[in-house]
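Dear colleague,

I am passing on the structure we spoke about, and my notes follow directly below it. Please read them with the model open beside you.

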Amino acid sequence: MKLAYWMYAGPAHIGTLRIASSFKNVHAIMHAPLGDDYFNVMRSMLERKRDFTPVTASVVDRHVLARGSQEKVVNNISRKDKEEKPDLVILTPTCTSSILQEDLQNFVNRASIETEADVLLADVNHYRVNEMQAADRTLEQIVQFYIKKAQKTNQLNLSKTKEPSVNIIGSFNLAFHNQHDIAELKRLMYDLNIKINIIIPEGASVQQLKNLPKAWFNLVPYREIGLLTAEYLKKNFNIPFVNLTPMGIVETAKCIRKIQYILNENKANVNFEKYIDIQTRFISQSAWFSRSIDCQNLTGKKAIVFGDSTHAAAMTKILTREMGISVVWAGTYCKYDKSWFEKEISDLCDEIVITDDHNLIGDLIAKVEPAVIFGTQMERHVAKRLNIPCGVISAPVHIQNFPLSYRPFLGYEGANQIADLIYNSFTLGMEDHLLEIFGGHDTKEILNATLSGNDKQSEIKWNLEAQYELKKIPGFVRSKIKKNTENFAQKKHVDVITLEVMYAAKESVS
Amino acid sequence: MTIKQDINNKNLKEKINFECETGNYHTFCPISCVAWLYQKIEDSFFLVIGTKTCGYFLQNALGVMIFAEPRYAMAELEEGDISAQLNDYEELKRLCLQIKRDRNPSVIFWIGTCTTEIIKMDLEGIAPKLEAEISLPIIVARANGLDYAFTQGEDTVLAALAQRPNVKQIKNLQEKKTESDNRDYVEHLPLILFGSIPDPVVNQLTLELKKQGIHVFGWLPSRRYTELPQIYEGNYVCGVNPYLSRTATTLMRRRKCKLIGAPFPIGPDGTKAWITKICTVFNIQPHGLEEREIEIWKKMKNYVNLINGKSVFFMGDNLLEISLARFLIRAGMIVFEIGIPYMDKRYQGAELDLLQKTCKIKNLPLPIIIEKPDNYNQVDRIRDMKPDLVITGMAHANPLEARGINTKWSVEFTFAQIHGFTNAIEILELVTRPLRRNQKLEKIGSQQYTDRR
C-alpha cells in the first residue's frame, strides 16, 4: 500500500480508452463498476468534444461478482455492434476486472462470431503499466491486428508512394497541445514537400491502417506513445522512423536533418539546410529573441523542469542551449524511461530527478527556490504556494491547457510559443518582485467599494456568530455581501447584525 | 376514516409509473463523497482504500480542491496487496500512523472500494483492533461502485457514523447559548437531523425550525467529529436529503430512533412541507409558513416566468431528482422523465406523495420515474421529445449542447446550497442559467454544432 494524494499518470485503462476514442468509429467497452466511466467526462470537458464519447461500460455489480459476467459482456458487445455499427470494439479491462480474472478473451471470441465489427481485448495489465504505456501498447495492438488482417486477405499494399511520404504516429485526444502540434507538423511536412500518408490515431479509420507500409518513414513526435508501433513497422516492413521531438529550434533542425538523411537513403536527393537556416534566422522569431537584449537578462537565472520525458527533456534543452538559463534540476515522472532521459540531458542540468511522488518534487522546489518552474499543473500549484512563477509544459493538465487559439509546442511556431511562455513567466516574476520592493500596488488593502475611499464608515455592529459566518464567505465577494447586509440592516433599522439578519438580507437581494 | 384515507393513498400511489432499465448510466463513483464530507467534518481524515483508478477519479473530479492540502488520501493498493503477499493490517497501520503523525485528525474514515470488496479485505474486522492500537477512532464505510451511485456514498458514511456508540462530547459555545434561551422553544423530545449540508444552510434550517419553537438537538454529521450529537432510544430523526435511506434505516433499527418521514426541504414547497411535518409530529401548529412560501415564490417570479411551461428531462445520477422535479413542476415546468439511480419508495414516500399532489394541483400527468436508467435509450428519447432542458452529467452535456439541446450539469445541484426557503432561488438560478444564456446568444445563430446524430 502506498499513501498517495496525487498522481502524474493515470491508470492503464485510460490509455487504452484514449487510443480507442481517438480512432474514428471505434467503440470501447469497459468491464468496470458504475462510476468508472469518468473518462467520458474528461474527454467531454477538457477537449470540449461535441460528440458522445464512444465508450460504454459493461457494468460490474453484485450480480457479476456472484455469478460472473456470463452473457453480459457478450451481449453488451453485440448491442453496441448493432447500435453504433463500429469498425472495431475494444474490450477494456480495468483494475476491477484484473482481479476478477474472468476469461475476457473468451468473451471476445464469442462476441466476434456474431458481430459485424472486429472485436479485440486490450492487452494491458492494470497493475503493471500506467496510462501512457497502455496507450502505446494498445496503439501497437490495433495496428498489428489490421496489418495482419490485411496480410491474410492479401490486401496489404507494400509498394511505397511515388513522392516521399510520412506517417505521423502521435495524434490523440487528451494530450498536451496535441491538436496544435499536429497542425504544425503537417505544415512542416508541407514545407519539406513530404506527403502525409496517414496520421494515427486521431481521426483515422482502422480501415486505413493497411496503408501504413506505403509511407517512406514514420515520424513519432512524442516518446510516450507511438514508439512501439514505429518499432513494429520497422521490424516487419523495414520502415525507418524518426523519434526526435522537433521542440525548440535546435531539436527541430536535428529532426529535419534526420528526415533528410532517411529520404536521401531512399534516393530522394533532398537538401533542407537552406530551409532550416531561413526558418531559424528569419521566419521563426525565437532564435533572434535569444540574441536580443531582453533575453540577456535571463542569463544564468535558475529554473527547474519537471514533466513527461518528451516535454521535460526538450524544455531543458531549450532553456539551457537556446536561452542561457541554468536548469538546477530536471526530472520526469516516466520512471520506466529513466535511461533515455538521463542520456538526453545529463550534461545540461546539475541533477536529474526521476520520481512520481509530487511531495518529493514539492520539497525539492522549496529547497532550490528557483526563479521559475516549468512543470505540470501540480508544479503550478506548488509554485503558487511558494510565490514562484510557473509555466505549464506537460500533462497532467487542466482545461486551460486545451486552448482554443493556435498554441503548438512543436516546430518553428512552437519555438515562438515556448519563447513567449518562458519570457512571460520571468517578467511576471520580476514585476512581482519589484512591486514588492516598492511597496506593492497601492489599492491592495482597500476593501471599500469606492477606490477613492470616501465611503462613510458603517456604524452597524456584527455579533460573533454573524462575524464568523461572514469570515467563511469567500474573500472576493465578502465585502459585497457585507455591504449589502449592512444596507439591509440600515433600512430595517437594525443595529446588530445576527445570523437571522444576514439570511433575511440574502433573501431580500436575490 | 383512516381506512378510506389509505385507499385514497393507494389509488394515488398506483398512478406513479415506475420503470427499471439496464443500469447503463453515467454517474460519479460514490467515493466522491469524501470531497464534501472532509470539508464538512473539519477534524476528519478520509482514507480511500483502492486503486489508481479511484485515485485518478478523485483527482479529476475534485479538480482544484486537490491542491488545497485536502484531508483525504488514497491508500493505493499494489500488486502485493491484491495477491495477499502483504499483510493488510500491517499496511493499514503504517499508513494510519503516518496520517496521525502528519495531520492529527480526531477520526479516520476508511472508504472501502470495489477492489477491497472483491478481494474481501476485512476492513470492518481490522478497524476495531487498529483503533485500539493507535487510539484513534476508525470508521469504515463501503462506498463502492459495485453497490452504490454518487451521493449514496454519503449515505454509507453517515450510516457508519450513526451506528457508532455515542462519542465523547465536547460542549461547545453554541449549546451553552441555546440553553440560556430555552424559553424560545416548545418542550419536545430531542430531534436530530441527518444529512451533510454546508454550515450556513445548517444555520438557516435550524433557525427556520426555531421560529416554530422546535429545537434541533444535533446534526449528523456535525462540524467536528467530537461534536456529534448523542443519540438515544426514542429520539426523533429527520433527513434533509433524499439519498440517505441507509442512514435512516440504521437510526431506526440500530439506535431505535423514530423517523419523521417528510418531503425534503428543497424548494419553498418542500421546505414548508418538511417543517409542517416535523411540527405535526411534535403537535405544534405551524405559523407563518404559508406567508413565507408565498413571499419566496414572489421573489422568484422572474425566474418562474422564464421556465413556466418549459419541459425538463432528468437523466438521473444523484438521487435529488424526485425532489427537484417536484419543485420544478410546482414552478410551472413539465417534467418528461425522472431518471434516478435508486428509488427507496419508503424513505422517499412523503416526497413521492408530494410529487403526486403537486401534479394534481398543476393538473399535469405524473411523470415516469425510471430507476437504473439506460443512457443510450435516454438519449434516443431526448431526441424524440426535444425537451427544453436536460439535467445530466458532464459526459453528455457538451454532446447534447452541440445538438441544440440545453443542458444543466446535474452535479452542481449536489454542491450548490439548495435547501430551505433562503436557497430556493439558487435552484432556479441553476435551472434557468442555460435558458438565460441562450437569450443572450441569440445573435450567434445556429444551435447545431455537429452533423452527427
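Chain B exposes about 18600 Å², of which carbon and sulfur atoms supply 50%; accessible areas here come from the Shrake-Rupley method with a 1.4 Å probe, and for residues only the protein chains shown count as cover. This is a predicted model, in which local features need pLDDT of at least 70 and side-chain atom pairs count only at pLDDT 80 or more, while totals for chains, interfaces and linings use all residues. Residues are numbered from 1 along each chain as its sequence is written, chains are lettered from A and ligands numbered from 1 in the order in which they are written, and side-chain values use heavy atoms, with hydrogens and water left out.

Of the 453 residues of chain B, 61% count as buried, that is, under 20% relative accessible area. The C-alpha trace of chain B spans about 65 × 60 × 45 Å along its principal axes.

In chain A, Thr115(A) sits in the loop between helix H6 (104-114) and strand S5 (118-121), where helices (H or I, at least four residues) and strands (E, at least two) are DSSP runs numbered from the N terminus. Thr115(A) is buried, at a relative accessible area of 10%, and a polar atom of its side chain lies 3.0 Å from the backbone oxygen of Ala117(A).

Best regards

How values were computed. Buried < 20%, exposed > 50% of the residue type's maximum accessible area, 1.4 Å probe, protein only. Polar contact = N/O pair within 3.5 Å; in protein donor to acceptor, adjacent residues only side chain to side chain.
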